[in-house]
Amino acid sequence: MTQGSEIDSKAWLRRFWARLLVGSVAFVLGLGAAASSLRAVANVYAPPGGEKITYLLEHADEIDVIVMGSSIINVGFRAKQFEKRMREDHGRPLGAYSFAMGRLVGAELDFYVRRILELPLPKLKWLLIDVSLDQKPSMQEKNWYSRRELEWQTPRQFSMVWSQFMAREEPLRSRLGKIWPYGRHLAMNVLAIGRALPALEGFDRRNQPTDFSLASSEDERVAIKEAKAAQYRARPAEHWAAAQRLRTKRRPGRDRTNALAAAWRDAAKERGVEVAFILGPTMKNAAFPAKVEGGADLRIFDYNDPSANRRLYQLEYHYDPWHLTEAGAKIFTRALADDLDAAMDALEQR
Amino acid sequence: MLFTEPVFLPFFLLCFALRWSLRGWGTQKTFLWAASYVFYGAWDARFLLLLAGSTVVDYFVARNIEAATTEARRRAWVVVCLCSNLGLLTIFKYYNFFTSSAVTLLGVFGVEVPTPTLQVVLPVGLSFFTFQSISYVVDVYRRRLPVVRNFRDYALFVAFFPQLVAGPIMRAADYIPQLVTSSRLRDVDFRRHLAVFCLGYLKKTCFADNIAHVIDPVFAKPADYGAADVLLAGAGYSVQIYCDFSGYTDMAIAVAGLLGFTLCKNFDAPYFSRNIQEFWRRWHISLSTWLRDYLYISMGGGRVSEPKIYRNLIVTMLLGGLWHGANMTFVLWGLAHGLALAVTRAFSKTRAAAAWARVPGSGVISWCFTLIWVVVLFMLFRCESVTSFVAMLRQVAHGGERLLDARLWLVIVALGLGQFAFHRYKEELRALTQRAPVPFYAFALGIACAVALFLTPIANRPFIYFQF
């Protein structure tokens with residue numbers, strides 16, 4: 001190559017890199033601007049949070065208490081019975097709503113707590129949050145790309161998931177492999193990939209929901225529970241062994257979860273909403289400390305103790321060690337109502 | 001690994017960076033060869049042995065053809081190549097079809113035999129790279145092409161990843177000269193290739209996959225749907241297969257272009273054809289020209305008597321149908337196209353053809369009939385079985401309630417008009433993209449990508465032609 005052509009080649013390369021840089025920036029700007037606009041359009045026709053958020057907005061002036069949580073609440077809490085108990089036994093005519101979905105834990109729960117606190121709910125006074133001890137978040141491949149898995153994947157939630165998985169004592173490759181689908185979903189959510197289509201249906205359900213979630217009516221749901229309970233009652237030793245383990249040993253809770261709960265409590269307080277945390281009757285061998293460094297203690301309704309809540313641990317009220325039958329749900333709902341009433345009394349007396 | 005999967009982006013960026021930055025054209029070719037094997041191995045690493053083995057056999061067959069001193073020896077080596085490649089196809093693709101067909105035929109004559117079957121996975125791209133290899137060996141035999149002495153160059157020709165798994169079926173005469181000296185980065189038409197890739201993505205994921213989502217249930221259970229839905233499904237599938245395959249080809253051509261290679265055109269607005277001959281000059285061009293050059297011409301082509309020409313056309317298209325898959329629907333599809341070609345040729349030789357050409361509107365009418373013929377045959381192509389196709393036709397005759405969203409017709413018409421406009425104003429669009437300032441062009445490309453991603457259905461669907 002002659003000197004002239006070498007200079008010419010270098011000049012061309014400089015121009016090429018300059019155009020590549022400018023082009024890349026312009027491309028990202030175009031992509032981002034279009035994706036934001038398209039996501040806004042999609043939110044009009046298919047708002048995030050599905051039917052639950054829509055319900056809250058439509059009944060904003062009726063709801064005083066929202067009970068959030070995983071299947072523990074989905075199965076164990078009955079809003080109508082709660083309202084009835086509060087109204088008839090405690091003289092408090094409150095409106096209640098169950099915002100519960102299977103495996104609603106960790107970063108996803110954080111997403112919805114913050115979303116609910118952003119909604120215009122003028123009557124909302126109490127947020128009861130089930131912290132679902134020991135439920136590890138995991139994105140199973142069969143649920144990938146479901147609307148539910150996509151919508152909570154924001155940069156903030158991704159960073160929470162990242163911290164959570166990086167704190168595990170596992171090989172790095174394994175941790176990165178588990179984080180990868182979250183990264184994909186984050187990219188899909190941010191870039192509004194696939195949001196145009198009605199394919200993202202069935203918000204509350206994952207792609208392959210359990211038979212319980214498939215119940216199309218209350219009667220069907222009750223029937224499924226009773227069938228499971230009948231099978232469970234045939235194995236009482238399993239139930240009592242779990243209860244026995246909890247009597248003898250309880251692990252200390254995870255500080256990270258406790259700090260996150262305190263953050264929720266404080267964010268709700270700014271909005272004038274009180275928060276109480278529910279430890280459901282799950283016989284999970286873990287504790288959840290109420291004490292918060294540099295702040296007030298968390299308000300906890302602790303039912304994860306067979307000795308203090310004998311009724312809730314009767315075999316006939318469970319269909320597995322963690323979930324309650326309809327009869328058990330009645331007991332649990334009443335207990336929640338009673339504990340909330342006591343908490344409200346304590347606040348009013350201050 | 002599909003072009004539309006997220007993992008392809010980092011793979012390609014690495015290929016692009018190393019292709020243009022490694023020192024020495026030989027090193028770059030070696031890298032591209034290795035990258036192609038990584039790409040193919042991502043499907044199933046076991047298939048790499050098949051690809052490598054087939055490459056080695058055909059390379060040495062061609063060398064031996066060149067070294068052979070007699071015509072008989074040369075021909076013998078061609079037979080070795082054909083046996084090797086067609087043998088692979090027979091084992092992996094056609095064994096169960098032929099054995100079950102033979103058993104069925106024997107059963108008609110009252111002879112009952114057990115059906116021996118093979119449980120094998122069809123290697124991706126087998127039909128494509130075997131045909132590519134056969135074309136090379138036959139071209140060497142016909143002395144149309146010098147033998148490729150460098151094994152790496154030949155291996156890269158066979159395995160070049162942009163076109164390895166679903167074409168276009170490249171000819172060695174078109175590809176090998178591109179390996180002599182490297183093209184220059186400054187000669188790569190980035191604007192065109194990026195736009196073509198984006199267009200291909202749009203066609204494949206946004207149009208083809210979404211249409212499939214709507215019409216697949218009709219093909220699965222035609223008895224549940226009425227006439228309007230069956231017709232819509234037929235039209236929809238014709239759009240789907242075109243968008244899927246031409247979209248993939250666009251992406252392949254763009255990827256190859258960004259690496260400095262030119263692949264052959266594979267589609268030329270086939271649904272605007274006014275007769276079946278024209279359709280096959282515009283649809284899957286690399287396959288139709290392969291069939292013409294290596295099957296039709298080998299049988300005598302147009303140099304024999306007229307009845308034999310018709311025979312050659314029918315047999316060529318029948319085998320072309322069989323190439324698509326081991327199913328009677330593909331055989332009948334090919335046969336029907338062969339018959340249509342024969343009829344078209346016969347008609348074109350009559351005086352009526354000249355008179356017809358002078359009739360006002362004859363072009364439009366011919367186009368309509370050609371389109372209807374193609375669409376109906378694509379319905380046969382799509383059906384799982386001939387019985388299922390007959391069931392669909394029966395539904396057309398019986399009417400019934402409309403269940404599918406009729407707005408899909410609007411989508412189909414809009415796509416057709418869009419294709420027409422694109423074809424008509426292609427040069428103006430090209431000039432516009434070349435003249436636009438870089439920031440403006442890149443910004444517009446970003447918007448186009450966002451729209452394409454927005455319309456992407458969530459579940460990945462493989463390309464239709466991967467199954468062939």
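Guide: A salt bridge is a side-chain nitrogen of Lys or Arg within 4 Å of a carboxyl oxygen of Asp or Glu. This is a predicted model: local features need pLDDT of at least 70, side-chain atom pairs count only at pLDDT 80 or more, and totals for chains, interfaces and linings use all residues. Residues are numbered from 1 along each chain as its sequence is written, chains are lettered from A and ligands numbered from 1 in the order in which they are written, and side-chain values use heavy atoms, leaving out hydrogens and water.

Visitor: How many salt bridges does the structure hold over all chains?
Guide: One network links A:Arg92, A:Asp341, A:Asp345 and A:Glu348. Across the interface of chain B and chain A, the rule finds zero. Over all chains, the count is 35.

Visitor: Which element gives the most to the side of chain B that touches chain A?
Guide: Contact means heavy atoms within 4.5 Å, and 21 residues of chain B are in contact with 28 residues of chain A. The interface has zero salt bridges. On the chain B side, α9 (190-220) and α20 (438-455) each give two or more residues. With 13 residues, the top contributor is α20(B).

Visitor: Is A:Asp110 buried or exposed?
Guide: A:Asp110 forms a salt bridge with A:Arg114, closest N and O atoms 3.0 Å apart. A:Arg114 counts as partly exposed because its relative accessibility is 23%. A:Asp110 has a relative accessibility of 0%, so A:Asp110 counts as buried.

Visitor: How many residues apart are A:Asp110 and A:Arg114 in helix α5 of chain A?
Guide: Helices are DSSP H or I runs of at least four residues and strands are E runs of at least two, numbered from the N terminus. Both residues lie in α5 (residues 106-118) of chain A. Their separation is about one turn of the helix, and the number is four.

Visitor: How many residues apart are A:Arg156 and A:Asp110?
Guide: The side chains of A:Arg156 and A:Asp110 meet in a salt bridge, 3.3 Å from N to O. This pair links distant parts of the chain, with A:Arg156 in helix α7 (residues 155-166) and A:Asp110 in helix α5 of chain A. A:Arg156 counts as partly exposed, at 40%. The separation in residues is 46.

Visitor: How many of the residues of strand β4 (274-279) of chain A are buried?
Guide: A:Glu274, A:Ala276 and A:Ile278 point one way from β4(A) and are buried. A:Val275, A:Phe277 and A:Leu279 point the other way, and are buried as well. The strand is mostly covered, and the count of buried residues is six of six.

Visitor: Which residue in β5(A) stands opposite A:Phe277?
Guide: β4(A) pairs in the parallel sense with β3 (residues 126-130) of chain A over five bridges; pairing takes at least two DSSP bridges. There, A:Phe277 is the bridge partner of A:Ile129. β4(A) also pairs in the parallel sense with β5 (residues 300-302) of chain A, over three bridges. In β5(A), the residue opposite A:Phe277 is A:Ile300.

Visitor: How far apart in space are B:Glu5 and B:Gly110?
Guide: B:Glu5 is in the segment before α1 (8-21) of chain B. B:Glu5 is partly exposed, at 24%. B:Glu5 and B:Gly110 are 105 residues apart in sequence, and their C-alpha to C-alpha distance is 51 Å.

Note on methods:
Buried means under 20% relative accessible area, exposed over 50%, partly exposed in between (1.4 Å probe, protein chains only).
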